[in-house]
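Please read the briefing below alongside the sequence and the model.

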Amino acid sequence: MNKVAIVFWSSTGNTETMANCIAEGAGANATIVPCSEMNAAKLAEYDVVAFGCPAMGAEQLEESEFEPMFSGLEGSLNGKKIALFGSYGWGDGQWMRDWVERAQGDGAQVFGGEGLICNETPDDDVQAACRKLGADLAAW
């Protein structure tokens with residue numbers, strides 16, 4: 001089983017709910033790591049990392065905490081197995097497509113080649129998809 005880190009930022013709790021469901025699915029090998037504590041050295045401690053951030057503003061990553069952390073990891077993602085997830089309230093998920101492309105451009109292996117997104121509050125189906133993602137990441 002892979003050692004899985006779940007790193008996220010949430011303002012309304014929607015992305016946090018998704019993160020908790022991913023952790024539940026990944027089981028005992030999962031650790032939730034606050035984005036303020038993630039850096040290249042910590043990244044190296046995990047086999048797989050799930051990054052979660054909601055769409056903000058004009059469909060972009062949160063700029064004060066999450067974006068600086070993720071930017072700081074660029075250059076360390078080459079060959080790393082990652083998953084991307086988050087919630088949004090408007091638009092069509094363009095922020096996630098951009099984020100997947102950015103991560104792949106840095107050499108990351110993005111699980112399934114796409115992120116897991118949720119419009120507004122994660123319903124039972126989304127929570128189940130998050131648990132499945134966690135289980136898949138633990139076994140990947």
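**Briefing on the predicted model**

Of the 140 residues of the protein chain, 46% count as buried, where buried means under 20% relative accessible area, exposed means over 50% and partly exposed lies in between, with a 1.4 Å probe and protein chains only. This is a predicted model, in which local features need pLDDT of at least 70 and side-chain atom pairs count only at pLDDT 80 or more, whereas totals for chains, interfaces and linings use all residues. Residues are numbered from 1 along each chain as its sequence is written, and side-chain values use heavy atoms, with hydrogens and water left out.

**Overall fold and dimensions**

- The secondary structure of the protein chain comes to 5 helices and 6 strands, these being DSSP runs numbered from the N terminus (helices H or I of at least four residues, strands E of at least two).
- Along the sequence, these elements follow the pattern β-α-β-α-β-α-β-α-β-β-α.
- The radius of gyration of the protein chain is 13 Å, which agrees with the value near 14 Å that a compact globule of 140 residues would have; the radius is taken over C-alpha atoms, and the globule rule is 2.2 Å times the number of residues to the power 0.38.
- The C-alpha trace spans about 35 × 30 × 25 Å along its principal axes.
- Among contacts in the protein chain with a separation of 6 or more, 78% are made by residues 24 or more positions apart, a contact being heavy atoms within 4.5 Å.
- The accessible surface of the protein chain comes to about 6300 Å², and 46% of that surface belongs to carbon and sulfur atoms; the areas come from the Shrake-Rupley method with a 1.4 Å probe, and for residues only the protein chains shown count as cover.

- E62 is found in the loop between β3 (48–52) and α3 (66–73).
- E62 is buried yet has no salt bridge, and the nearest side chain of opposite charge, R102, is 11 Å away; for charge, Lys and Arg count as positive and Asp and Glu as negative, while His and the chain ends are not counted.
- The side chain of E62 makes a polar contact with the side chain of S64 at 2.4 Å, a polar contact being a pair of N or O atoms within 3.5 Å in which, within protein, one must be able to donate a hydrogen and the other to accept it, and residues adjacent in sequence count only if both atoms are side-chain atoms.
- The side chain of E62 also reaches the backbone nitrogen of E65, at 2.8 Å.
- Leaving aside neighbours within four places in sequence, E62 is in contact with W9, C53, P54, M56, E67 and P68.

**Salt bridges**

- The structure holds 6 salt bridges, each defined as a side-chain nitrogen of Lys or Arg within 4 Å of a carboxyl oxygen of Asp or Glu.
- One of them joins the side chains of E24 and R131 at 2.9 Å, N to O. Because E24 lies in helix α1 (residues 14–26) and R131 in helix α5 (residues 124–139), the pair ties together parts that are 107 residues apart in sequence.
- E24 is exposed, with a relative accessible area of 52%, whereas R131 is partly exposed at 29%.
- E67 forms a salt bridge with R102, with the closest N and O atoms 2.7 Å apart. E67 lies in helix α3 and R102 in helix α4 (residues 94–105), so this pair ties together parts that are 35 residues apart in sequence.
- R102 is partly exposed, with a relative accessible area of 25%.
- D92 forms a salt bridge with R97, the closest N and O atoms being 3.0 Å apart; D92 is partly exposed at 47% relative accessibility, and R97 is partly exposed at 40%.
- Salt bridges that share partners join E67, E74 and R102 into one network.

**Residues with positive phi**

- Most residues other than glycine have a negative phi, and most peptide bonds are trans.
- E59, although not a glycine, has a positive phi of about 55°; E59 lies in the loop between β3 and α3 and counts as buried at 14% relative accessibility.
- E120, also not a glycine, has a positive phi of about 65°; E120 lies in the loop between β6 (116–119) and α5 and is partly exposed, with a relative accessible area of 41%.

**Surroundings of A138**

- A138 is found in helix α5 and counts as buried at 1% relative accessibility.
- Not counting residues up to four places away in sequence, A138 touches M1, N2, V4 and A26.
- A138 and W9 are 129 residues apart in sequence and 21 Å apart in space, C-alpha to C-alpha.
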